[in-house]
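Please look at how the two chains of this model meet.

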Protein chains: 2
Amino acid sequence: MNVTVLSGGVGGARFLRGLLGVVDAADVTIVGNVADDLQVLGLHVSPDLDSILYTLTGRSDDERGWGRADESWRALETVGELGGDDWFRLGDRDLGLHLVRTELLRAGVPLHEATLRLARALGLDARLLPATDDPVRTFLETPAGTFPFQTWFVARGHRDEVDAVHYAGAPDAAPAPGVLEAIAAAAVILVAPSNPYVSIQPILAVPGIRDALEHRAVPCVAVSPLVGGRAVKGPADRMLRRLAGGTTPAHVASCYEGIVDALVFDRADASAELPRGVRPVVTETLMTDVGAARRLAAATLDAAGAPA
Amino acid sequence: MNVTVLSGGVGGARFLRGLLGVVDAADVTIVGNVADDLQVLGLHVSPDLDSILYTLTGRSDDERGWGRADESWRALETVGELGGDDWFRLGDRDLGLHLVRTELLRAGVPLHEATLRLARALGLDARLLPATDDPVRTFLETPAGTFPFQTWFVARGHRDEVDAVHYAGAPDAAPAPGVLEAIAAAAVILVAPSNPYVSIQPILAVPGIRDALEHRAVPCVAVSPLVGGRAVKGPADRMLRRLAGGTTPAHVASCYEGIVDALVFDRADASAELPRGVRPVVTETLMTDVGAARRLAAATLDAAGAPA
């Protein structure tokens, strides 16, 4: 049974780890967000793809919540000592991956092919595709000005309220080879518990992807990233409050109108009426460990009428 | 008293460390070889400049003989794991410097200015100039083919005998700003105990530099890199045997004809007659520790009629 999953970084990666515990990895295609990619120190960094790569191949630091386990920071320490850009926390092991990816891209290898090679080298059995090979970049409009995603998120600690979100480059982007095919070939489509605005919408903003989902012939189920109206981590709740008017499941579902048949959300969330055509599915969504992630993935597949 | 020194990497750096023990660092200008620079993993690496930077600021690993002390190799391990280029041994701390330098160069900062900034950040008091900002690159002609310097030296472990040496790009290169001025302003000019063919000649191959030395108004003294006809490390002896016909002080001096007034060499070396105009100066040249390097530097200055 082919499963295609739209996913952002950390939360999405944990959900995917659960999913790979209940379905065959070879049947899973992940369409990853690349709109928070950045160039730093001359390197192309794809934080969401990397979170997925590291988490699904047992290399992530789950306690820190991002980056690689058993990581060190010597290169970046030196960069700082020499007056270079050290605001984006690149660990030594992590750097190795960015060096290889950047070399591939500079040699003309497209991002989806570079990602495939990295995934293969790391031993990932599922297929990981970037939403696009083209440079789509999220920009946040805030009272303090408009910022590229990582400037807002990392450098400014996402302290600025967001008035609007733009996906620069999206109109000119094309889905990466395999993305539309994976949506078309899916028996079920899932939207991981990721931030709708900065993880999922930038995937949908790539021309052709939203359309493919709107015209799907199979169930599509999203998982809310909120628990009790709150983000487990990050600014999803604050963004929903300001941009969608609230943090109930209905507000989350409003981000996915037309593309999902059901929304999975936590028992802690008030089950207000969802937008028309979106079925509520209540379960435990807090992924406290791999077992909890597995149960959430199973419940999500079940909601899609495709029990694991 | 202004001292200008032409220098390669490790041996030169150790000599320079001795020199800074006997003269004021503020009076010393180092003209460093850049013809063994390379692009690896998209980074601009200047091994000779870095050996000098690390050695003169107390950061070198003297036991290993190259690179930084307290170094680790996690980024490169990952590069290897991912199938990237890992033949050139870049440590994590070292990588930090290459990342910063490469960013500066990509932003249009010339190499001499980038080097100045790195030197300042590392606390180097002497002035370190690359021979040129332009890409001069050493190529070795060997029975197995013609190789770029680092391919021959590192990847192939300098096992191939050298039939000829070329300095690609040299005819079109210009001395870096400050180089000719430093030669003109020097009270004494020194040639460090470096490999004549791959460290010093590529400096002299930059149009204007050899000419400035030939027309010098002050003493210029070279230090032989051989002890008892043998290289302390590296292929200098094998290159001299094949390219100059032997490894005596006369053979070393033949590499510097017209530009040096004296050659400092070790007691262990036969004092055959030197080329006309080159005065022999016999002392202990093996730099077993910083004290020995200091004594060698003092003897060299003394030979130039400029006692420390």
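In this predicted model, 28 residues of chain A are in contact with 28 residues of chain B, contact meaning heavy atoms within 4.5 Å. Because the model is predicted, local features need pLDDT of at least 70 and side-chain atom pairs count only at pLDDT 80 or more, while totals for chains, interfaces and linings use all residues; side-chain values use heavy atoms, with hydrogens and water left out. Residues are numbered from 1 along each chain as its sequence is written, and chains are lettered from A and ligands numbered from 1 in the order in which they are written.

The size of an interface is often given as the accessible area lost when the parts come together. Here chains A and B bury about 2400 Å² between them, 59% of it on carbon and sulfur atoms; buried area is the accessible area (1.4 Å probe) that two parts lose on being put together, summed over both. A:Arg74, A:Leu82 and A:Leu99 supply 28% of the area that chain A buries against chain B, more than any other three residues.

Across this interface there are ten residue pairs in polar contact, both residues at pLDDT 80 or more. A polar contact is a pair of N or O atoms within 3.5 Å; within protein, one must be able to donate a hydrogen and the other to accept it, and residues adjacent in sequence count only if both atoms are side-chain atoms. On the side of chain A that touches chain B, the elements giving two or more residues are α3, α4 (92-106) and α5 (111-122) of chain A. Of the elements, α4(A) gives the most, with nine residues. Helices (H or I, at least four residues) and strands (E, at least two) are DSSP runs, numbered from the N terminus.

How are the two copies related? Chain A can be laid on chain B with an RMSD of 0.0 Å by a turn of 180° and a shift of 0.0 Å along the axis, and the copies are thus related as by a two-fold rotation axis. In chain A, the C-alpha nearest the axis belongs to A:Asp92, 3.2 Å from it. The superposition is by least squares on the C-alpha atoms of residues with pLDDT of at least 70 in both copies. Since 100% of the interface residues of chain A are also interface residues in chain B, the copies meet through the same surface.

Salt bridges come next: a side-chain nitrogen of Lys or Arg within 4 Å of a carboxyl oxygen of Asp or Glu. In one of them, the side chains of B:Arg74 and A:Asp70 meet at 3.3 Å, N to O. B:Arg74 lies in helix α3 (residues 74-81) of chain B and A:Asp70 in the loop between α2 (47-56) and α3 (74-81) of chain A, so the pair joins two chains. B:Asp70 and A:Arg74 also form a salt bridge, at 3.3 Å, N to O. A:Arg59 is bridged to B:Glu81, with the closest N and O atoms 2.7 Å apart.

Finally, A:Ser60 lies in the loop between α2 and α3 of chain A. At 13% relative accessibility, A:Ser60 counts as buried (buried is under 20% relative accessible area, exposed over 50%, partly exposed in between; 1.4 Å probe, protein chains only). The side chain of A:Ser60 makes a polar contact with that of A:Asp62 (2.9 Å).
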